Amino acid sequence: MTRPEVNVQTDLRPEPAGDRRAAGAPQPAGDRRPEPAVETERRPWGSFERFTLNEPSTVKLIHVRPGQRLSLQRHRDRDELWVALDPGAVFEVAGRRILPEVGERVLIRAGDTHRLSSDGPPVRVMEIAFGHFDEDDIERLEDSYGRS
């Protein structure tokens, strides 16, 4: 029996150069959690991607209605990995606007400003949070629904 092929992918978008930490943001880059390695295993029937293995994390499936957007926000205590599941998602991360392909992954570091939106159709995004997860760890900077 042959062992399945394992391909460790670290094709997460690199952080732009420069210090973008906000006041009260987490530890400096040298003390940050390493970027998660996403492993792909090939099988006779296809393959699967493993995003976490035996580590604390929180996984959410976010549904955004057509043309809507979440608040511009940041978190103090967690990093997030977003995976686009549908076309039409828009990621805003640390001032960059990203139009991800289906399956594309983007890492958001604790302290980075970010927002998710739909540029038309309903979209789904898988969010994997690393670090202490608490819905109260949301600092809203802008919000279309009067919550900032």
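Does Arg 124 count as buried, partly exposed or exposed, and at what relative accessibility? Arg 124 counts as partly exposed, at 33% relative accessibility. Here buried means under 20% relative accessible area, exposed over 50%, and partly exposed in between (1.4 Å probe, protein chains only).

The model is predicted: local features need pLDDT of at least 70, side-chain atom pairs count only at pLDDT 80 or more, and totals for chains, interfaces and linings use all residues. Residues are numbered from 1 along each chain as its sequence is written, and side-chain values use heavy atoms, with hydrogens and water left out.

**View 1. The whole chain has 0 helices and 12 strands.** Helices (H or I, at least four residues) and strands (E, at least two) are DSSP runs, numbered from the N terminus. Along the sequence the pattern reads β-β-β-β-β-β-β-β-β-β-β-β. The chain has 148 residues, and 38% of them are buried. Contact means heavy atoms within 4.5 Å. Among contacts with a separation of 6 or more, 77% join residues 24 or more positions apart.

**View 2. Arg 124 and Asp 86 meet through their side chains in a salt bridge.** A salt bridge is a side-chain nitrogen of Lys or Arg within 4 Å of a carboxyl oxygen of Asp or Glu. In this pair the N to O distance is 2.8 Å. Arg 124 lies in strand 11 and Asp 86 in the loop between strand 6 and strand 7, so the pair ties together parts 38 residues apart in sequence. Asp 86 counts as buried, at 16% relative accessibility. The structure holds 15 salt bridges. Those that share partners join Glu 39, Glu 41, Arg 43 and Arg 50 into one network.

**View 3. Leu 85 sits in the loop between strand 6 and strand 7.** Leu 85 is partly exposed, at 28% relative accessibility. Leaving out residues up to four places away in sequence, Leu 85 touches Leu 61, Val 102, Arg 124, Val 125 and Met 126. The C-alpha atoms of Leu 85 and Gly 103 are separated by 5.9 Å. These two residues are 18 residues apart along the chain.

**View 4. A salt bridge joins Arg 33 to Asp 79.** The N to O distance is 3.4 Å. Arg 33 lies in the loop between strand 1 (6-9) and strand 2 (38-43), and Asp 79 in strand 6, so the pair ties together parts 46 residues apart in sequence. Arg 33 is partly exposed, with a relative accessible area of 31%. Asp 79 is buried, at 5% relative accessibility.

**View 5. Arg 105 forms a salt bridge with Glu 49.** Their closest N and O atoms are 2.8 Å apart. Arg 105 is in strand 9 and Glu 49 in strand 3 (residues 46-50), and the pair links distant parts of the chain, 56 residues apart. Arg 105 is buried, with a relative accessible area of 6%. Glu 49 is partly exposed, at 40%.

**View 6. The largest nonpolar core has 13 residues.** A nonpolar core is a set of buried Ala, Val, Leu, Ile, Met, Phe, Trp, Tyr and Cys residues joined through side-chain atoms within 4.5 Å. Trp 82, Phe 91, Val 93, Leu 116 and Val 125 touch the most other members. Two or more residues each come from strand 4 (58-64), strand 6 (78-84), strand 7 (89-93), strand 9 (105-108) and strand 11 (123-131). Strand 7 gives the largest share, 3 residues. A second, separate core of 8 residues includes Val 38, Phe 51, Val 83 and Ile 128. In soluble globular proteins, nonpolar side chains tend to be buried together.

**View 7. Val 93 has contacts beyond its sequence neighbours.** Neighbours within four places aside, Val 93 is in contact with Ile 98, Val 106, Ile 108, Asp 112, Thr 113 and His 114.

**View 8. The largest pocket has a volume of about 340 Å³.** On a 1 Å grid over the protein atoms alone, a pocket is an open set of points where a 1.4 Å probe fits, with protein on both sides within 12 Å along at least five of seven lines; lining residues have an atom within 4 Å of a point. A volume is the space filled by probe spheres set on the points, which are joined across faces, edges and corners. The lining has 23 residues, and Ile 62, Leu 70, Ser 71, Gln 73 and Arg 147 lie nearest the centre. Strand 4 gives the largest share of the lining, 4 residues.
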